[in-house]
Amino acid sequence: MPAAANDNNPLYLSEASIAQRVLGAKSRTAWDALAIIWERDGLPRIDPMTGCRYWPAVRAFLDRRHGLHQAALPSTVDGAENWT
């Protein structure tokens, strides 16, 4: 379950903080290499004003990458159910 919007955690995290959250003990060295590759696939880039990445977008990227995205709802009704 996602954390509440008012959980007082910062939204913009440093590379070191993201590395620790994503990779744990492997941390920073591995993250630096992965981030370069994953940015090509849509990992949010470092924000030039904050010098950090927007954590909710990083988390959403990783969730999508591993198939944990919310499936799109059909835009139209596909017909009545036939239970007989």
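Tyr 12 is partly exposed because its relative accessibility is 37%, where buried means under 20% relative accessible area, exposed over 50% and partly exposed in between (1.4 Å probe, protein chains only). This is a predicted model, in which local features need pLDDT of at least 70 and side-chain atom pairs count only at pLDDT 80 or more, whereas totals for chains, interfaces and linings use all residues. Residues are numbered from 1 along each chain as its sequence is written, and side-chain values use heavy atoms, with hydrogens and water left out.

**The tyrosine pair**
- Rings of Phe, Tyr and Trp (its six-membered ring) pair if their centres lie within 6.5 Å, with planes under 30 degrees apart counted as stacked, over 60 as edge-to-face and the rest as tilted; the count by this rule is three aromatic pairs.
- The ring centres of Tyr 12 and Tyr 54 are 5.3 Å apart and their planes are at 50 degrees, so this pair is tilted.
- Because Tyr 12 lies in strand β1 (residues 12-13) and Tyr 54 in strand β2 (residues 53-54), the pair ties together parts that are 42 residues apart in sequence; helices (H or I, at least four residues) and strands (E, at least two) are DSSP runs, numbered from the N terminus.
- Tyr 54, at 34% relative accessibility, also counts as partly exposed.

**The tryptophan and phenylalanine rings**
- Trp 38 and Phe 61 form a tilted aromatic pair, with 6.1 Å from centre to centre and 55 degrees between the planes.
- This pair links distant parts of the chain, 23 residues apart, with Trp 38 in helix α2 (residues 27-40) and Phe 61 in helix α3 (residues 55-65).
- Both Trp 38 and Phe 61 are buried, and together with Trp 31 they form one aromatic cluster.
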